[in-house]
Amino acid sequence: MSEYKTFNADDAMAFADEHSELFGDHSKLTAKEFGDGNLNLVFRVENDKGTSLIVKQALPYARCVGESWPLTTDRARIEAEVLKMHRRFCPEHTVEVRYFDPVACAILMEDLKAYRILRTELNAGKKFNHLAPQMAKYLANTLFYTSDFVLSSENKKAEVARFLNPELCLITEDLFFTDPYCNHERNNIEPSILEKAKTLWHDEALKAEVAALKADFLSKPQALLHGDLHSGSIFIDEESCKVIDAEFGFFGPIGFDVGSLLGNLLLNYLACPGLHDTEDAAEQQAFLLEQAEQLWQQFSEIFTELMSRETQDPALENSLYQRRFVRQVFSDAAGYAGCELIRRTVGLAHVADMDSISDAGKRAQCQRSALKLGRELIMQRNDLNNISQLLNVVRYQQTD
C-alpha cells in the first residue's frame, strides 16, 4: 500500500488475507466492523471454517469529535511495538501481533473472541481468582524488563526516544491530571454531584498533590508502560487473561500502570451497591478487595525477586535502594489510582461501572464515594506503607 486510506470491510479482508497464512487457500472470508472506540476501526475477519483474526486501523482523528480533532496515526506503530515488547516478556498475557503495516497504520492480531471484556464481566458480578496473579505477573515482567534495572543507559535512552508518544500522552495529561480539577468544557459531570465536583476545583492541597503526580508522569521514564491499563483493556476467560490496546504506551512511572488497574478494581468496588442487591454487592466487594490486595502483593514479590536476580546495573543491586524503589512505586500507584477514580467520575471518559447504575440516587452516591476515596488516596499516598493500609482507607471511606 503506497498511501494511507481508511479501511472498509473489503480492505480489512484483503489486508488479513495478504499478511497471514492462517486462512489457507480458497477460504471464503467475511469481515465485520465491531469496534466502538473513538480512535480506531476494528474488524473481525473470519473464514468459513471459523478461523478469525482482528484488523485494527488507527484513524487520523477522534470519531467522537470528527476531523476537527486530528490525531497522529503513529500511535498504531506505538501500539504494535509495545504489544510486541510486552509479549516478549509476558507472552501468556499479551495479545499477539501478527503483522503491522506502517503506511496503512493497521495491525493484524490474534482474535480473542473466546474471551470477554473484564469490565463487562465484573459489572455482571463475575469472579476470576486468576485475575490478580496473572496481571501481577504481566505488570512485574513487562515493567521490570523495560527498566533501568535491565537496560543499559544507552539502550534505555534510545528506547525512550523510540516510544515517544506526545499526542496520546497529552490526552492523558489533560483528562487525567488537569480537566477534573477545573471547570473545563470537556468534563462530564452529572448535575447531582456538581457541587461535590466543584470542591475539587478549589482544593489547593489536592491540586498540589495531583501536580506532583503529573510532574512524575511527565518526567519519570522508568519503564515501558501500557499507558491505559483499565478493565476494558483486559480480556479474560475461565483460565487466562490477556492485555490489548496499548496505543497510549510510553516510558513513564511504573506506578501509573499499577495504579490504573488498581483504580479500576476500586471503581467496580464502589459501584457494587448500585449494580447488585445487598448480599451480592457485599460478596463482590470482598472479592475485589482480595484481588486488589493480591495484585499489589504478588506484583511487589515478583518485581523484588527479579531485582535481586536479574539487575544488570551494579549500582542498582543495592538491596536498600531496591526496597525504597518498591515503596515509592506503591506510593505512586496509590496516587494514580486516586486520580483514576476522580477522572472517571467527573472527566470526559466515564466507565460503565458507574454509568450503568440505573437508579439515579444510587449512582450519585457511588460517584460521590469515588470522588471522596480518590482524594484520600492521593492525599495519603505518602503515608501508606502497605496494601493493607490502603484497603483500610477504602473500607473506612465506604462506611464513613
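1. Strand β3 and helix α2 (75-89) each supply at least two residues of the lining of the largest cavity, and β3 gives the largest share, 3 residues. Helices (H or I, at least four residues) and strands (E, at least two) are DSSP runs, numbered from the N terminus. This is a predicted model, in which local features need pLDDT of at least 70 and side-chain atom pairs count only at pLDDT 80 or more, while totals for chains, interfaces and linings use all residues. Residues are numbered from 1 along each chain as its sequence is written, and side-chain values use heavy atoms, with hydrogens and water left out.

2. A search of the whole structure finds 1 cavity of 30 Å³ or more, and the volume of the largest cavity is about 30 Å³. A cavity is a set of points, on a 1 Å grid over the protein atoms alone, where a 1.4 Å probe fits but cannot get out, and lining residues have an atom within 4 Å of a point; grid points are joined across faces, edges and corners, and the volume is the space filled by probe spheres set on the points.

3. The lining is made up of Asn40, Lys56, Gln57, Ala58, Ala76, Glu79, Cys105, Ile107 and Glu247. By class, 4 of these residues are nonpolar, 2 polar and 3 charged, where Ala, Val, Leu, Ile, Met, Phe, Trp, Tyr, Cys and Pro count as nonpolar, Asp, Glu, Lys and Arg as charged, and the others, Gly among them, as polar.

4. Glutamine 57, which belongs to strand β3, is buried at a relative accessible area of 0% (buried means under 20%, with a 1.4 Å probe and protein chains only). Its side chain reaches the backbone nitrogen of phenylalanine 7 at 2.8 Å, and a polar atom of the glutamine 57 side chain lies 3.1 Å from the backbone oxygen of alanine 104. Beyond its neighbours within four places in sequence, glutamine 57 is in contact (heavy atoms within 4.5 Å) with residues including Asn40, Ala104 and Cys105.

5. Strand β7 (residues 106-110) is mostly covered, 5 of its 5 residues being buried. Strand β3 (residues 52-58) pairs with β7 in the antiparallel sense over 5 bridges, where pairing requires at least two DSSP bridges between two strands, and valine 55 stands opposite leucine 108. Strand β6 (residues 97-101) also runs antiparallel to β7, joined by 4 bridges, and tyrosine 99 has leucine 108 as its bridge partner.

6. β6 and β7 form a hairpin with 4 residues between them, and cysteine 105 in the turn has a positive phi of about 55°. Cysteine 105 is also among the residues lining the largest cavity.

Definitions and conventions. Buried < 20%, exposed > 50% of the residue type's maximum accessible area, 1.4 Å probe, protein only. Polar contact = N/O pair within 3.5 Å; in protein donor to acceptor, adjacent residues only side chain to side chain. 1 Å grid on protein atoms, 1.4 Å probe; cavity = no way out; pocket = protein on both sides within 12 Å on 5 of 7 lines; lining within 4 Å.
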